[in-house]
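Here is a short note for a colleague who is new to this entry. Please keep the model open while reading.

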Amino acid sequence: MYRKIFTPNEQDSSIPHTIPREWYGQPIEVIAFPLVDTNDGLPPQNSVVQNRREKRGKLLDKYLTDLSGFKFNRDEANDYD
């Protein structure tokens, strides 16, 4: 694998770097895409997820039912009469 990161300074459609000699005569793939800086002022992904969980928890807390005294009775659940 050959990787080279560069910043183009002018409008030019050619790649300014050479291909390794051992790759001559072989099919190769060239992929170009801009690198995105992860420090663009946004909070880290973990804090975003945590904030969303907290908001969802506050929204759904009013629908909670206290089941602390509940005991499941299998015979009653299977009695269809």
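This is a predicted model: local features need pLDDT of at least 70, side-chain atom pairs count only at pLDDT 80 or more; totals for chains, interfaces and linings use all residues.

The points below go from the whole chain to single residues.

1. Next, the overall make-up. The chain has 2 helices and 0 strands. Of its 81 residues, 1% are buried. The accessible surface of the chain is about 9,000 Å². Carbon and sulfur atoms account for 51% of that surface.

2. Ile5 sits in the segment before α1, the helix spanning 45–60. Why does Ile5 count as exposed? Its relative accessibility is 52%, and exposed means over 50%.

3. Stay in that segment for Thr7. This residue also comes before α1. Thr7 is exposed because its relative accessible area is 64%, and the cut-off is over 50%. How far apart are Thr7 and Pro34 in sequence and in space? They are separated by 27 residues in sequence. From C-alpha to C-alpha, the distance is 9.3 Å.

4. Now turn to the charged patch. Asp75, Glu76, Asp79 and Asp81 gather on the surface as a patch of negative charge. One of them, Glu76, belongs to helix α2, which covers residues 74–77. Is Glu76 buried or exposed? Glu76 is exposed, since its relative accessible area is 61% and the cut-off is over 50%.

Technical notes: Residues are numbered from 1 along each chain as its sequence is written. Side-chain values use heavy atoms; hydrogens and water are left out. Helices (H or I, at least four residues) and strands (E, at least two) are DSSP runs, numbered from the N terminus. Buried means under 20% relative accessible area, exposed over 50%, partly exposed in between (1.4 Å probe, protein chains only). Accessible areas come from the Shrake-Rupley method with a 1.4 Å probe; for residues, only the protein chains shown count as cover. Patches are made of residues with over 30% relative accessible area and no salt bridge: like charges are joined within 9 Å, nonpolar side chains (Val, Leu, Ile, Met, Phe, Trp, Tyr) within 5 Å. A salt bridge is a side-chain nitrogen of Lys or Arg within 4 Å of a carboxyl oxygen of Asp or Glu. Lys and Arg count as positive and Asp and Glu as negative; His and the chain ends are not counted. The place of a charge is taken as NZ of Lys, CZ of Arg, CG of Asp or CD of Glu.
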